[in-house]
Amino acid sequence: MSDSETETQGLMPSEEDIDFYRRNGYYISKRILSDEQIAEALDGSERIYRCDYDERFPWSDNPRVDPNFGVPFLDRSLSRADGYASFHSLGLRALARLPIISAIAAVLIGATEIRYWKDQLIYKPPARASEESEGVTGFHQDKRYWPTCKSDRMITAWIPLHDCSTENGCLVVIKGSHRWRNNHALVTFGEKNMDFIKSELINTEGNELVEVPLELKRGQVSFHDCYTIHGSYANVSDSPRRALSVHLQDGENRYRDLSFLSKEKPVFQHSHDLICRKSANGLPDYSDPVIFPTLHHTAMQ
Ligand SMILES: O=C(O)CCC(=O)C(=O)O
Ligand SMILES: [Fe+2]
C-alpha cells in the first residue's frame, strides 16, 4: 500500500461509523480537507458571486437551469444558493469531486460506484444583517426534490468552508429520520417556519423527534442520507456561514419516467433533465459523464 493509500485509510469511516450512519442517517468525517483546498473554494465562491467564472457552458445562461448565473451577489443581508457552482469554479469543482469524499460516500451506502449528482453553494448571512428567519433552511428531505431518481440510497456531503457551530447556523439533522418514508410534503428547503414544519408536516411515524446539530471544525465534512430530514437555523454570529453541498448518486441510479402523471407537461422535471444527454429511448441519462462524472469505483480485491 502506498503512503497516500495508508493516509486515506486512516481518514475513512470505521465499521462502527458505517453502522452508525445506517442506524442514524448521518456521519461526521475526520478532518479530510486541507486549508489550501478550502482557501481555493472560498476564493472560487467569491468569484462566482462577482460573476467571474472559470468555465461556462451552453446551458449556463438558461435561467430554467441556473437562475443565479450572471447575477452578482450584492446584497449580503440575503441568503443565496447557487446551483452548478462546481461547473463554474475550478476551486469548488476540486472540492465537489474530491476522491476521499466519494470514497467515504461509497462505503457509507455500500455502493461500488459513486457518480456526482449536483451541488449547491450556500450562503447564510449573519442574522443581524437580516431578518432573524432569513437564513433559515427549512427541514426537508433531499430525495423529495429528486422523484425522477430511482435510487433510494443517494447521499449528500455537506462541506462547510470554516468551523460551523449552532451559533453560525450549522446543519441540523433529525436522528433516524431516514427511515421515515411518509414525508412527501418535505420539499420545504425554503420554508422559514421550523415550528410549522415540525408540528404540521413531519410524520415521525411514532418516533421521538431528536434534532442533532452537526458542529464541525474546518476540514470536516458531514454526510446525510437522501431521506434524512435536515435543515438549519439562523446564523447569529457576525460572519456569513458558507457551505458547499454535494449530492451524490450510486452507480445504479437511473431516470424514472413519471410522464404518465401528466400528458401536457412534466409534473416533475429536474433542471438536469434539460441539459444531460438522452438515452436511446429519448429519456434523460443520469450517467452522462459530462454532467454526472463517475467519482469513485471500488477497486476489485
Ligand atoms: O446548508 C444548509 O442550510 C442546507 C444544506 C442542505 O440542505 C443539504 O446539504 O442538503
Ligand atoms: Fe438538503
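E113 and R115 are both buried, a term that stands for under 20% relative accessible area, with exposed meaning over 50% and partly exposed anything in between (1.4 Å probe, protein chains only). The model is predicted, so that local features need pLDDT of at least 70 and side-chain atom pairs count only at pLDDT 80 or more, while totals for chains, interfaces and linings use all residues. Residues are numbered from 1 along each chain as its sequence is written, chains are lettered from A and ligands numbered from 1 in the order in which they are written, and side-chain values use heavy atoms, with hydrogens and water left out.

**Exercise 1. Salt bridges**

Find how many salt bridges the structure holds, and describe the surroundings of the one that D19 forms.

Solution. Begin with the criterion, which asks for a side-chain nitrogen of Lys or Arg within 4 Å of a carboxyl oxygen of Asp or Glu; the structure holds 17 such bridges.
- Step 1: D19 is paired with R23, and their closest N and O atoms are 3.1 Å apart.
- Step 2: Both residues belong to helix 2 (residues 15–24), where a spacing of 4 residues separates them by about one helical turn; helices (H or I, at least four residues) and strands (E, at least two) are DSSP runs, numbered from the N terminus.
- Step 3: D19 is partly exposed at a relative accessible area of 41%, and R23 is likewise partly exposed, at 46%.
- Step 4: Turn next to R80 and D82, whose bridge has its closest N and O atoms 2.9 Å apart; here R80 is buried at 9% relative accessibility, and D82 is buried at 3%.
- Step 5: Elsewhere, R31, D35 and R218 are joined into one network by salt bridges that share partners.

**Exercise 2. A pair of helices**

Determine how the axes of helix 2 and helix 6 cross, and which residues meet there.

Solution. Axes are lines fitted to C-alpha atoms, for helices over the stretch in contact, and angles run from 0 to 180 degrees between N-to-C directions.
- Step 1: The axes of helix 2 and helix 6 (residues 99–109) come within 9 Å and cross at roughly 70°.
- Step 2: The two helices are therefore roughly perpendicular to each other, the classes being roughly parallel under 35 degrees, roughly antiparallel over 145, roughly perpendicular from 65 to 115, and oblique for the rest.
- Step 3: With heavy atoms within 4.5 Å taken as contact, D17, I18, Y21 and R22 of helix 2 meet V107, L108 and I109 of helix 6. These contact residues divide into 5 nonpolar, no polar and 2 charged, where Ala, Val, Leu, Ile, Met, Phe, Trp, Tyr, Cys and Pro count as nonpolar, Asp, Glu, Lys and Arg as charged, and the others, Gly among them, as polar.

**Exercise 3. Backbone angles in loops**

Locate C51 and Y84 in the fold, and state the phi of C51 and of Y84.

Solution. Most residues other than glycine have a negative phi.
- Step 1: C51, although not a glycine, has a positive phi of about 65°; this residue is found in the loop between helix 3 (35–49) and strand 2 (80–83), and is partly exposed at 22% relative accessible area.
- Step 2: Y84, again not a glycine, has a positive phi of about 60°; its place is in the loop between strand 2 and helix 4 (85–88), and Y84 is buried, with a relative accessible area of 5%.
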